[in-house]
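Look at the sequence and the structure before reading on.

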Amino acid sequence: EHHFKLRGAWKGNKAGGCMNHETWKNNPKWIVEGSGSFFVQIMLEQMATKYAIGCYVFETVGNKTSLSREKLVEEVKFVASTSVHYEIKCNGSKGPFVIVPCTFEPGRTGDFP
């Protein structure tokens, strides 16, 4: 089991919003690799600001990082909260996974410590 606490910020053009907006691919990204089947616990927190936050998890093929809807494995529901927690099961034989934390609306800046 892998535990990740996503740390970073939505700032400037890195505050792309959710998939409803063309800019969503500008959000920060993390790559998770493992072998065999494994679980990943995702914890995304924001400071006092309560934007609707969530994240997407994509599978990749080899070294190609395709953020297409066809490669979407999980969507962590967007919630107006200071934190969201989610656990996903990954099949490592499919390749690395990309986690993209997002605010629902683009231009919402802030840290996720």
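The sections below go from the whole chain to one strand, then to the cores and the cysteines.

## Overall fold

The model is predicted.

Of the 113 residues in the chain, 38% are buried. Among contacts with a separation of 6 or more, 79% join residues 24 or more positions apart. The chain exposes about 6200 Å², and carbon and sulfur atoms supply 48% of that area.

## Strand β8

Strand β8 covers residues 97–103. Seven of its seven residues are buried, so β8 is largely enclosed by the rest of the structure. In a regular strand, side chains alternate between the two faces of the sheet. In β8 both faces are covered. Phe97, Ile99, Pro101 and Thr103 are buried on one side, while Val98, Val100 and Cys102 are buried on the other.

Two pairings of β8 can be traced in the model. Strand β3 (residues 30–32) pairs with β8 in the antiparallel sense over three bridges, and Val32 has Phe97 of β8 as its bridge partner. Strand β5 also runs antiparallel to β8, and seven bridges join the two. In β8, Val100 stands opposite Tyr56.

## Nonpolar cores

In soluble globular proteins, nonpolar side chains tend to be buried together. The largest nonpolar core here has 17 residues. Those that touch the most other members are Trp10, Val40, Ile42, Leu44, Val57, Cys90 and Ile99. Strands β4 (37–45), β5 (52–59), β7 (83–91) and β8 (97–103) each supply at least two residues of this core. The largest share, four residues, comes from β4.

A second, separate core has 10 residues, including Cys18, Tyr56, Leu67 and Val100.

## Cysteines

How many disulfides does a search of the whole structure find? The number is zero. A disulfide needs two cysteine sulfur atoms within 2.5 Å. For Cys18, the closest cysteine sulfur is in Cys102, 7.3 Å away, which is too far for a bond. For Cys55, the closest cysteine sulfur is also in Cys102, at 7.5 Å, again too far for a bond.

Are Cys18 and Cys55 buried or exposed? Cys18 counts as buried because its relative accessibility is 1%. Cys55 is buried too, with a relative accessible area of 0%.

Definitions and conventions:
Residues numbered from 1 in each chain as written. Predicted model: local features only at pLDDT ≥ 70, side-chain atom pairs only at ≥ 80, totals over all residues. Heavy atoms only, no water. Core = buried A, V, L, I, M, F, W, Y, C linked by side-chain atoms within 4.5 Å. Buried < 20%, exposed > 50% of the residue type's maximum accessible area, 1.4 Å probe, protein only. Contact = heavy atoms within 4.5 Å. Areas by Shrake-Rupley, 256 points an atom, 1.4 Å probe, with all protein chains shown as cover. Pairing = 2+ DSSP bridges.
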